[in-house]
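Hi everyone, thanks for making time.

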Amino acid sequence: MPELPEVETIARGLAKRVTGDVVESVWLGQKKEPLKSPAPEIAAALEQSRIAAVRRMGKHIVFDLDRVDGLAGVERALMPAKSRKRNKKPKGSGAISALNPSTPHAEADKSVRPTQTKAQWIVHLGMTGSLRVCEPQTEVAKHTHAILKLASGREVRFVDPRRFGRLSVATSGEFDATGVEPLEIDLDPFIALFRGRKTPIKSALLNQKLLRGVGNIYADESLFRAGLRPRRRASSITRDQLAKLHAAIKEVLKEAIALGGSSISDYVGAEGEEGFFQLQHRVYGREAKPCLVCRTPIRRVVIAGRSSHYCPKCQK
Ligand SMILES: [Zn+2]
């Protein structure tokens with residue numbers, strides 16, 4: 001599952017490739033799970049919109065959209081109902097030519113806001129989701145759920161075999177993920193997050209309402225660097241220890257983002273290859289292997305259904 005550093009890397013890669021481009025038309029698949037907003041709303045927000053920016057919020061990828069032509073929505077809303085049928089899934093590269101901007105790919109209905117000038121397309125990759133920037137002749141991969149045809153001729157495709165990923169749009173007001181950005185939070189508000197919390201610190205770190213985007217791997221690695229056991233009650237951790245943890249989380253995430261940057265072109269390349277450099281894990285996935293600091297075997301415990309790894313000597 002992509003974690004914060006991977007999502008950041010993917011968002012940066014997409015920003016480089018598609019910022020400024022215009023979405024001419026949208027094809028959405030028939031599977032319901034990936035669509036968190038109704039298909040007509042997603043299509044209406046994206047079509048004829050310029051991609052002003054792509055950025056990460058928590059583990060979401062947010063595309064900021066500007067309306068290119070305020071009339072586009074009106075035209076769509078006025079289309080006869082008959083021509084508003086959703087297209088069938090294209091079965092190969094040849095079918096892509098069916099993506100003609102003159103034929104709408106989603107039903108227009110009352111939810112279409114012709115006056116809307118700004119919107120956001122929000123993508124959560126889930127477990128196996130990926131966003132690929134392709135040339136139109138690239139064969140459409142199995143499990144493709146969305147294709148955005150861009151004015152530059154390229155396409156953005158959302159592929160997700162296990163369908164835990166989610167696509168949605170925010171058309172009224174800004175999308176706001178819950179929690180605080182771990183890379184932006186200052187020390188005092190960070191300490192305040194854990195005050196009075198009787199849950200294990202590991203669970204608190206994974207709680208997306210507190211910090212957004214810290215996943216299992218980076219929580220374990222941060223706790224190791226801060227010398228804290230994952231089962232420690234959050235409320236029992238001293239200010240000094242929390243200061244260490246605050247620094248460790250930022251350090252771990254920044255290192256991983258720096259590593260991810262070098263493999264970025266592979267991830268969102270034409271073939272959609274995955275190729276992340278993994279951060280050298282010190283505890284995660286190293287059960288029974290010697291601690292890199294003291295040689296004590298790393299232990300694994302399950303907390304709230306998730307594996308946690310720690311050194312019983314280095315972490316208190
Ligand atoms: Zn150790």
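Let's start inside: the largest nonpolar core has 32 residues, and the ones with the most contacts inside it are Ile61, Phe63, Trp121, Val123 and Leu131. By nonpolar core I mean a set of buried Ala, Val, Leu, Ile, Met, Phe, Trp, Tyr and Cys residues joined through side-chain atoms within 4.5 Å. And buried means under 20% relative accessible area, exposed means over 50%, and partly exposed is in between, with a 1.4 Å probe and protein chains only. There is also a second, separate core of 29 residues, which includes Phe190, Leu193, Ile237 and Ile257.

Before I go on, some housekeeping: this is a predicted model, where local features need pLDDT of at least 70, side-chain atom pairs count only at pLDDT 80 or more, and totals for chains, interfaces and linings use all residues. Residues are numbered from 1 along each chain as its sequence is written, and side-chain values use heavy atoms, with hydrogens and water left out.

Which residues does Trp121 contact, leaving aside neighbours within four places in sequence? Trp121 is in contact with Ile42, Leu46, Ile61, Val62, Phe63, Leu65, Leu131, Leu148, Leu167, Ser168 and Val169. Contact here means heavy atoms within 4.5 Å.

On to the helices, starting with H1. A quick word on the labels: helices (H or I, at least four residues) and strands (E, at least two) are DSSP runs, numbered from the N terminus. H1 has 15 residues and spans 21 Å from its first C-alpha to its last, close to the 21 Å expected, where the expected span is 1.5 Å times one less than the number of residues. Is H1 mostly covered or mostly open? H1 is mostly covered, with 11 of its 15 residues buried, among them Leu4, Val7, Ile10 and Leu14. Just after H1, Gly20 takes a positive phi of about 95 degrees.

Leu223 is found in H6, and at 1% relative accessibility Leu223 is buried. Not counting residues up to four places away in sequence, Leu223 touches Ile201, Lys202, Leu205, Leu228, Pro230, Leu245 and Gln315. Take Ile201: Leu223 and Ile201 are 22 residues apart in sequence and 8.7 Å apart in space, C-alpha to C-alpha.

Last topic, charges. How many salt bridges does a search of the whole structure find? The search finds 17, a salt bridge being a side-chain nitrogen of Lys or Arg within 4 Å of a carboxyl oxygen of Asp or Glu. One of them joins Arg154 and Asp21, at 3.4 Å from N to O. Arg154 sits in the loop between strands S6 and S7 and Asp21 in the loop between helix H1 and strand S1, so this pair ties together parts 133 residues apart in sequence. Arg154 is partly exposed at 21%, whereas Asp21 is buried at 9%.

Another salt bridge pairs Arg225 with Glu255, with the closest N and O atoms 3.0 Å apart. Arg225 is in helix H6 and Glu255 in helix H7, 30 residues apart, so to speak a link between distant parts of the chain. Arg225 is buried at 17%, and Glu255 is partly exposed at 31%. Finally, Glu8, Arg12, Arg56, Asp176, Glu181 and Arg212 are linked in a network of salt bridges.
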